[in-house]
Amino acid sequence: MTENNCLIRFRNIVKDFDGQLVLKGISLDIYENEFVTLLGPSGCGKTTLLRILAGFLRQSEGAVIFAGQDISELPPYQRELNTVFQKYALFPHMNVYENIAFGLKIKKMSKDVIEQKVLKMLKLINLEGYEKRDVTLLSGGQQQRIAIARALVNEPKVLLLDEPLAALDLKLRKEMQYELKRIQQEVGITFIYVTHDQEEALTMSDKIVVMKDGEIQQVGSPIDIYNEPQNRYVANFIGESNIIPGVMLKDYKVRFDDMNFECVDFGFKDNEAVDVVIRPEDLDIVAENSGKLNGVVKSVLFKGVHYEIMVETVPGTTVSVKMIVTKEHDVASSDAKERISANSFFVDLEDVKELNDAEIIARADAQAWDPESDEYLSISKIEYDIKAEIGNYPVTFSTVGGTEITVNIMVVEQQYVENKKKNEAISAFNFFKTVDEIKESVAIDTDLKTWANAQGWKLSDESDVEIEDVEYDFDPDTITAGVYEVSFSTKGRVLKVHTTDLSEEGAEIGLNFQPEDIHVMSKVGY
Amino acid sequence: MKTWKRLTYPYIFWMMVMVVIPMLLIVMYAFTKAGNDVATLQFTFDNFVHFFTDADFLSTLWISLRIALVTTVLCVFIGYPIAYLIANSKPQRRNLYILLITLPMWINMLVRTYAWIGILSDNGLVNHVLQWFGLAPQKLLYTDFSVILGMVYNFIPFMILQIESSLAKMDRSLLDAANDLGANRWQRFCKVTLPLSLPGVVSGITLVFLPAVSSFVIPKLLGGGGYMLIGNVIENQFITVGEWNFGSAISMVMAVIIMISMVVTRKLDKSDEGLTRKRGKV
């Protein structure tokens, strides 16, 4: 586009509120007759940018150029643009006609000209005959259209819309999307539209500006933004996507999940770490071993037009531990005035040094209480002799009254599974529990994770990896004493597939896609 | 529902004893002759005839209405800018200002009004200051000026608070919208801020005019012994003269005037707010 039809130019706009940076240097060109959408989550600065353009806020640095002229110093009422506010901001003390005529009356136009223009506007927004109505008694959609008419009647060069559809219900919102697009095409001026709704942005815009934390992430047409997101953030924000970390081996060759794939992307450094996007609708389900990936169907959700199928192509990392279930483990004093309880427990060889009295009481879950009043008694003495060697070491807890219980501290090496391919590791301990404790658990998966101290982490930077699956072969309601196996797994590589073909949960399938369905993005540091 | 209704009985009883019965007694006194008891009521319009045929009483009524009107108008014109400034200041500041406005009301009105005597008297503070500047001392106390000053001083917080709250709850985006549509600050004030704050002004007017028109303490203290407003006349009839029937009749006349003025202000208020609504039905 040439310099001539660039209508608005933001030059390095910075805005801070009391030292907090809201806009970090926005530079953006907006052309005549464009429908531009500023898209981003709340707090990304999109509304601030709009208010700076409208003149309600003054930028801290930078300039706003409007039709070749710096308008930074102009007050809002001298700017050739009008705004449609989020909550419409119709004047409640005026009727529909007076609201729409407000700007024209300020300009001191003659009565018949005003009437002509207002009636034309009412026709444009399909509200003919509403001129005498009280604005406060109209529906949200009608108020919205009047707010648009009130702005457009001034024949601005640019219409600013600040989340104008946010207060409407879904159906009305969809209708208004078409309505807005139609109005924009009919009056042929620039619309700058602020929204956090990606679907709205994709439907209406000529150009989308994706913002995050006061910075522009990407500017482009809806198709560009959808098909060629520049980073993980944009890909996640616009549409649904599978994002997989990978390595760009060389131009047109990308590697992820230990496999090499053809792609159409180029211009990265050899062996650069990248993010790979595959849109769910670009994955086709085929017979096992006949596609580029194999996997297991984990879940199937019906979404109306399509099914959303989650396919695990690389299993997670699993560690299994033993749960030793005992019946009772409390001891009563001879006069039955006191009771005391404790668990045997396992300790990692490396953690033996760190054991102290408090830690042992906590790990053994040692408690003493008066069975009549149910009041806790303090554990006054704790005796143990432990070495940093694999083996069993007895520990005795006793109360002032002399009631005591002995359990074992078992020093072991931790159950630990490393998965180099997925760059992660997972560990857990064998543990002791009583039948009652298991029966009383209300969230058994979470409790099992806690009891076994199950943890997952990345091998590269030791950051946490969530444990997604807990599997066991007992029924918590009817469990009896014995030894049970519990396994914990991290999440594998699960790809989301949108398809109209139904698959069964648990089915083993293949997934196919074309080189152009892969989109490679550079990694962003966040 | 029925059991809940019963909870209102104590209030109804209280209202009957404290409000309705005294009112009825005043009506009864106003329409009866002096010196009779409940058993032998003698109805008469004499009290009203007396009031409306006595030029002195009528002129007192006229002066009272005029003073109350001047007070109210002054309260609007002084109070509005103050309310506007308070409403547009930062939240903490706003609270401080409102505290300052209400602070004098914590002190008894009599004491505050007495203070003005000291300030306004012939050898009071104001005249001392005037003399320092070489100006002739002025007669300030016991004039219309001092009475109106006392009334404005006492009643203006009601006006400020009413207007301030209607300004403060105004949707800021309406002001942005007016600016956006080309209105400068003055046009924005005239076309949006002022009309939207009128309900506050109207209730402020009600709250100032009503006590002003029937006030008797302020005119007595700041107007001097001979200064008579209708409130003082009523007070005299009850306390000094002992003419309860005539006093009640004047009270009733005042009650009717107040009722009419309330209806009128309500109408004015509605005509701004409800105009569009009425038109909408056409």
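User: What makes β21(A) and strand β26 of chain A a pair, and how do they run?

Analyst: In this predicted model, two strands pair if DSSP finds at least two bridges between them, strands being DSSP E runs of at least two residues and helices H or I runs of at least four, numbered from the N terminus. Because 4 bridges join β21(A) to β26(A) (residues 404-412), the two meet that definition; they run parallel. Asp348(A) stands opposite Val412(A) in β26(A).

User: Why are β21 and β24 of chain A called edge strands?

Analyst: The open sheet has the order β21-β26-β25-β24 (chain A), with mixed pairing. β21 (345-348) and β24 (379-384) of chain A each pair on one side only.

User: How do you know that Arg51(A) forms a salt bridge with Asp176(B)?

Analyst: The closest N and O atoms are 3.0 Å apart. A salt bridge requires a side-chain nitrogen of Lys or Arg within 4 Å of a carboxyl oxygen of Asp or Glu, so the pair qualifies. The count between chain B and chain A is 1 salt bridge.

User: What is the buried area between chain B and chain A, and what does the term mean?

Analyst: The two chains bury about 2200 Å², 62% of it on carbon and sulfur atoms. This is the accessible area (1.4 Å probe) lost on being put together, summed over both parts. The contact (heavy atoms within 4.5 Å) takes 20 residues from chain B and 30 residues from chain A.

Local features need pLDDT of at least 70 and side-chain atom pairs 80 or more, while totals for chains, interfaces and linings use all residues. Residues are numbered from 1 along each chain as its sequence is written, chains are lettered from A and ligands numbered from 1 in written order, and side-chain values use heavy atoms, without hydrogens and water.
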